[in-house]
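Hello,

Here is the structure I said I would pass on. My notes follow below it.

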Amino acid sequence: MIDVVALGELLIDFATQSVDGEGYPTMAAHPGGAPANFLAALTKFGAKTALIGKVGSDTFGKLLLGTLQKAGIETKGMVVTDDVFTTLAFVTFDAHGDREFAFSRKPGADTCLQFEEIDLSIIDQAKVFHFGTLSLTDEPARSATQKCVAYAKQAGKLITYDPNLRKPLWADLEEAKKQLIWGLGQADVVKISDEEVEFLFGLGVQEGAKYILENFGVKLVFVTCGADGCFFKNAVAEGHVPSLSGIKVIDTTGAGDIFGGSAVSQILKTGKAPETLTEAELRQIVRFACTSAGLSTTKPGGISAVPDYEDVISNM
């Protein structure tokens, strides 16, 4: 039995370490991809997980598969191709320290995943199906994602979703809105950022959470607010939990994904339906996730930055 299967991108994040006198960055390579980061947190905290996706048969693809296996994430759902390269993401920082993303993905292997290549038995074995929107930017991965979501819903799986908007990957931001909103209409549990709520609906955090619950059939929503923590809401409870303080932030890449995986790991441990979780239960879940995500920012990378369970508990 698999607790959570995710579909989506597995890629290399190149993060800027320093900049020379001409402005060119020296970069370090880290394994990443939002669904992979999400699963890494779940696996670290005791869940059985699997990833469905596609990489190239190149050095980076082989390294990434090895990283998943070392992390304990099942890889039998990963397709390896000779036709295209493994997707690469480059993270640089502007004058204010804010991240900027550039992608080597024209196409990247993750966008080339076809539905016919997917082993649906992996979804059959899972309790939860998770997806994001990077697999919705291009065909054939978009259709593959949509069909897998429909398959998982028909099978009665809990559906979790992270919009994870990356504007440079969309040729048309109106199309991005359309696809992100489609995702909301499929999900039971949503992890969305305050910036994504603003982008989609022009609403604040609390108003956005309420709107999502009332209009999309979502049962539980987490709206992450970066350094300001997270607002949570379901049918019976709502509240805000602050982020972890007193830490030295090195790299925020993957922190939102790690929050999501950490939160879902704790939801699964309750054994309860998301819409029935009480305020006290949700505060504990979000405090755990905020602490896990906060600690992850003290290390570079995503998959490799997930903290140990004991460290999260001791810092809560």
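Helices (H or I, at least four residues) and strands (E, at least two) are DSSP runs, numbered from the N terminus. This is a predicted model, with local features needing pLDDT of at least 70, side-chain atom pairs counting only at pLDDT 80 or more, and totals for chains, interfaces and linings using all residues. Residues are numbered from 1 along each chain as its sequence is written, and side-chain values use heavy atoms, with hydrogens and water left out.

Backbone first. Lys 106 and Pro 107 are joined by a cis peptide bond, omega about -5 degrees; Pro 107 sits in the loop between β8 (99–104) and α3 (121–125). Another cis bond runs from Glu 139 to Pro 140, with omega near 5 degrees, and Pro 140 lies in the loop between β9 (126–131) and α4 (141–154).

Asn 164, in the loop between β10 (158–161) and α5, has a positive phi of about 45 degrees although it is not a glycine. Asn 164 is buried (under 20% relative accessible area; exposed is over 50%, partly exposed in between; 1.4 Å probe, protein chains only), at 9%.

On helix α6 (residues 194–201), Glu 196, Val 197, Phe 199, Leu 200 and Phe 201 are buried. They cover an arc (taken from the directions from the helix axis to the C-beta atoms) of only 165 degrees, which puts them on the same side of α6. Just after α6, Gly 202 takes a positive phi of about 65 degrees.

There are zero disulfides, a disulfide being a pair of cysteine sulfur atoms within 2.5 Å. For Cys 148, the nearest cysteine sulfur is that of Cys 112, 16 Å away.

Regards
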